[in-house]
Amino acid sequence: ALSTVDVWAVGERGAIVHWDGLVWKEVLVPEELTHAHWRRIGGHSDGDLWLIGDKGAWRVTEGEWRPVNVGEGVANDALLALWIADKDDVWFVGKGGLIRRVVDGSPTIMDVPGDHLHDIDGHTHGDVWAVGADGRMIRWHQDVWFDYLPVTHRDLHAVHATADSVWSTGDAGAVLRWNGDRWAVHTEVEHVDLRGVHVTSQGRVLAGGMHVLVIGPFLRVPRPTNPVEAGPLNGMELTWSLDEGHDASFTYLQLTESQGFPFWILMVEGKRQRVPLPDLTATCGLLSITIAIV
């Protein structure tokens, strides 16, 4: 938003709309961009617009569309966010720790390899923040990028810097705050993935996102391999396989004799897939057993 009567929004399949204070209107784009999936749009008070999506970065000046050179080795879909520091000073972040600064049309490579960076914002040219996957938080200060130890492993998707503080939001309702000395988890909002954050001129912090329905995690299902279900035990080792999924805290196993009577119950670590057994034939006279795994 450039003002309360000059608001822009972008989306999939080339969607760009503009609010003039009364109505939303669709914006026409060049033919080669009609199917672009846009991720972000930003503007400067002089009227220029900057966009990024799966067609790369673009600048719009008085209706003229121009691709932005962000340097070599950047795939069209690698850019995830931008911050407009000034009319001709724009910062981009993206996949794998990609960071590019474009000043007067010339790109500077500032990549910090690591987890994806989802958003970038700054209070001044010399104090810039970027956040991303697995709780990643980095800062451009005194002409160097510094990676902070994460205080959450939730993916962070938004950051907003002011003169007094920095706020970031992310998955599972994570809301983090930098108070000038350190990052800390401010709060966690249940059942929502936060995608944006903004501090108003009155100091109010606004966050937005989307509701989520948690139906997992799905545990790995154990399946008997020795003995196979309702089959005889071969050798002196009980084994089973595990389906894909999250590890359980434990696996519950029940051994039964041929008539179905349970005579041995085991609880083993969730990742484990084998247990050595004593000589059941010699000690108990059991010639075959069956297994049930729960």
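## A stacked pair to start with

Are Trp-129 and Tyr-148 buried or exposed? Both are buried, meaning under 20% relative accessible area, where exposed is over 50% and partly exposed lies in between (1.4 Å probe, protein chains only). Bear in mind that this is a predicted model, where local features need pLDDT of at least 70, side-chain atom pairs count only at pLDDT 80 or more, and totals for chains, interfaces and linings use all residues. Residues are numbered from 1 along each chain as its sequence is written, and side-chain values use heavy atoms, with hydrogens and water left out.

## Aromatic pairs

Searching the whole structure turns up twelve aromatic pairs. Rings of Phe, Tyr and Trp (its six-membered ring) pair if their centres lie within 6.5 Å; planes under 30 degrees apart are stacked, over 60 edge-to-face, and the rest tilted. Trp-91 and Trp-145 make an edge-to-face pair, 6.3 Å centre to centre with 80 degrees between the planes. This pair links distant parts of the chain, 54 residues apart: Trp-91 sits in strand S9 (residues 89-94) and Trp-145 in strand S15 (residues 144-148). Strands here are DSSP runs of E, at least two residues, numbered from the N terminus. Both Trp-91 and Trp-145 are buried.

Back to Trp-129 and Tyr-148: their ring centres are 5.6 Å apart and their planes at 25 degrees, so the pair is stacked. Trp-129 comes from strand S13 (residues 127-132) and Tyr-148 from S15, 19 residues apart. Trp-129 and Tyr-148 also belong to one aromatic cluster with Phe-146, Trp-178 and Trp-183.

## The nonpolar core

A nonpolar core is a set of buried Ala, Val, Leu, Ile, Met, Phe, Trp, Tyr and Cys residues joined through side-chain atoms within 4.5 Å. The largest one has 15 residues, and those touching the most other members are Trp-91, Val-93, Ile-99, Ile-120, Val-128, Ile-138 and Trp-145. At least two residues each come from strand S8 (79-86), S9, S12, S13 and strand S14 (137-141), and S8 gives the largest share, three residues.

Val-128 has contacts (heavy atoms within 4.5 Å) that include Trp-83, Trp-91, Ile-120, Ile-138 and Trp-145. Leu-117, in strand S12 (residues 117-124), is buried at 0% relative accessibility. Among the residues Leu-117 touches are Leu-80, Val-93, Ile-99 and Ile-138.

## A look at the outside

Phe-218 is exposed, with a relative accessible area of 56%. You'll find Phe-218 in the loop between strand S21 (205-211) and strand S22 (222-226).

Note on methods: Helices (H or I, at least four residues) and strands (E, at least two) are DSSP runs, numbered from the N terminus. Lists of a residue's contacts leave out its neighbours within four places in sequence.
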